[in-house]
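I opened my notebook to look a few things up in this structure. Here is what I went through, entry by entry.

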Amino acid sequence: MARAILSLTHDEIEAWCLENGEKRFRADQVRRWLFENRAESFDAMLDLSKVFREKLKESFTLFSAEVVAHQVATDLTEKLLLKMPGGDTVECVLMREPDRRTICISTQVGCAMGCVFCASGMLGLKRNLSRDEILEQILRLDRLLDADERLTNIVVMGIGEPLQNLPILLPVLDEVTDPKGLGLSPRRITISTVGLPEKIRELAAVGKPYNLAVSLHAATDQLRNELVPINDKIGVDAILEATDEYFATSGRRVTFEYVLLGGLNDQPDHAHQLASLLKSRNAHVNLIPMNRVEALEFDEPSASRTSEFVSILEERGIAATVRKRKGADIDAACGQLRLKEDEHRTSNIQH
Ligand code: SAH
């Protein structure tokens with residue numbers, strides 16, 4: 001069976017070229033077509049001989065998944081739902097801002113973290129995504145851009161817990177940051193985690209200036225245990241110790257994400273607790289107004305609560321921003337489209 005060409009490293013493509021009687025430098029050409037020239041097929045790789053292209057076609061697939069949904073929002077946010085050959089589905093998103101083209105990618109099929117307000121974890125974790133499955137999301141989204149548009153940022157904030165799939169994610173990001181890959185600076189890549197201290201240290205040890213975002217959502221263990229059940233085994237203090245080390249090692253200011261859930265963690269007291277926790281740290285808070293998830297009873301915060309929360313943080317010297325909602329008229333928030341697709345499939349089976 002044909003393998004996904006994206007599952008091969010550059011060295012492996014080189015070795016394959018040599019085994020197949022081609023020169024080593026052909027690997028660079030193939031890679032340029034994959035990453036830079038946005039080829040949609042091996043046939044499009046016109047500086048390779050016909051015979052070589054045929055060999056590539058027999059041995060590899062360029063993309064392996066099927067696009068089962070492609071939504072475009074009025075703000076030009078685009079979302080793809082990809083179905084892998086085994087039937088698993090994964091979501092990824094392209095967001096357009098005047099000076100940025102940001103993509104959001106997934107690292108797992110489902111999620112084991114179980115955050116109570118999140119659609120991604122509702123069906124549990126099925127498995128880690130593979131190298132080619134993550135690269136395929138990136139390259140398919142890149143191909144949605146106009147010829148003169150360039151990808152500027154990647155946020156690893158889609159479905160799954162990225163730090164649980166580091167051995168796969170790191171080589172993918174190497175490919176993305178390689179000048180012969182997409183040539184993106186690591187400073188333009190953000191990895192969002194529920195907060196796994198040992199894995200944060202592992203990431204720091206890699207020595208690349210990736211941005212780290214930690215989904216804190218509560219300043220006390222009592223509240224965080226309710227919202228992010230895995231916190232029971234970790235604790236806020238251990239997370240902050242690890243993020244302090246991350247900052248010391250990488251020099252990158254850590255972002256703390258805080259989803260505002262109406263009536264649950266959006267009161268002035270909560271803002272004060274958060275400010276006290278972060279006050280001596282060079283941190284940034286990104287407030288995310290809850291995205292409604294059908295079947296979950298959590299509410300969005302009111303606009304006044306949100307602005308009050310921001311004001312308290314700012315008054316106490318904590319840098320804070322409220323995340324802009326992108327793709328509001330499509331199911332752009334993480335996990336929602338996949339969940340719908342799964343429910344749809346389940347109801348089809350029942351009928
Ligand atoms: N597992 C990683 C990355 C994926 S989630 C993490 O926990 O960070 C990306 C961000 O979206 C996290 O901060 C997550 O808590 C948040 N999120 C999940 N469901 C949400 C919802 N319904 N509304 C708003 N934010 C949500």
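Predicted model: local features only at pLDDT ≥ 70, side-chain atom pairs only at ≥ 80, totals over all residues.

Residues are numbered from 1 along each chain as its sequence is written, and side-chain values use heavy atoms, with hydrogens and water left out.

I found T152 in the loop between α4 and β9; helices (H or I, at least four residues) and strands (E, at least two) are DSSP runs, numbered from the N terminus. The side chains of T152 and N153 make a polar contact of 2.7 Å. A polar atom of the T152 side chain also sits 2.9 Å from the backbone nitrogen of R101. Is T152 buried or exposed? It counts as buried, at 18% relative accessibility. My cut-offs: buried means under 20% relative accessible area, exposed over 50%, partly exposed in between (1.4 Å probe, protein chains only).

**Salt bridges.** Next I looked for a side-chain nitrogen of Lys or Arg within 4 Å of a carboxyl oxygen of Asp or Glu, which is what I call a salt bridge. How many salt bridges does the count come to? It comes to 27.

R101 turned up again here, in a salt bridge with E149 at 2.5 Å, N to O. This pair links distant parts of the chain, 48 residues apart: E149 is in the loop between α4 (131–142) and β9 (153–156), and R101 is in strand β6 (residues 100–104). E149 is buried at 9%, and R101 is buried too, at 17%. I also noted that salt bridges with shared partners join R31, R131, E175 and D178 into one network.

K50 is exposed at 54%, while E54 is partly exposed at 29%.

One more salt bridge went down: R26 with E22, 3.4 Å from N to O. E22 is buried, with a relative accessible area of 17%.

**The ligand.** Which residues come nearest to the ligand? Of the 19 around it, I listed G160, S192, S215, H217 and N291; "around" here means that a heavy atom lies within 4 Å. β10 (189–193) and β12 (254–260) each supply at least two residues of the shell.

I then checked single atoms. A nitrogen atom of the ligand is 3.0 Å from a polar backbone atom of G160, and a polar side-chain atom of E161 is 3.1 Å from a ligand nitrogen. A ligand oxygen lies 3.4 Å from a polar backbone atom of V194. Taken alone the ligand exposes 540 Å², and the protein buries 95% of that (Shrake-Rupley method, 1.4 Å probe).

**Cysteines.** Last, I searched the whole structure for disulfides, pairs of cysteine sulfur atoms within 2.5 Å, and the search found zero. C17 is buried at 0%, and C104 is buried at 12%.

Terms used: Polar contact = N/O pair within 3.5 Å; in protein donor to acceptor, adjacent residues only side chain to side chain.
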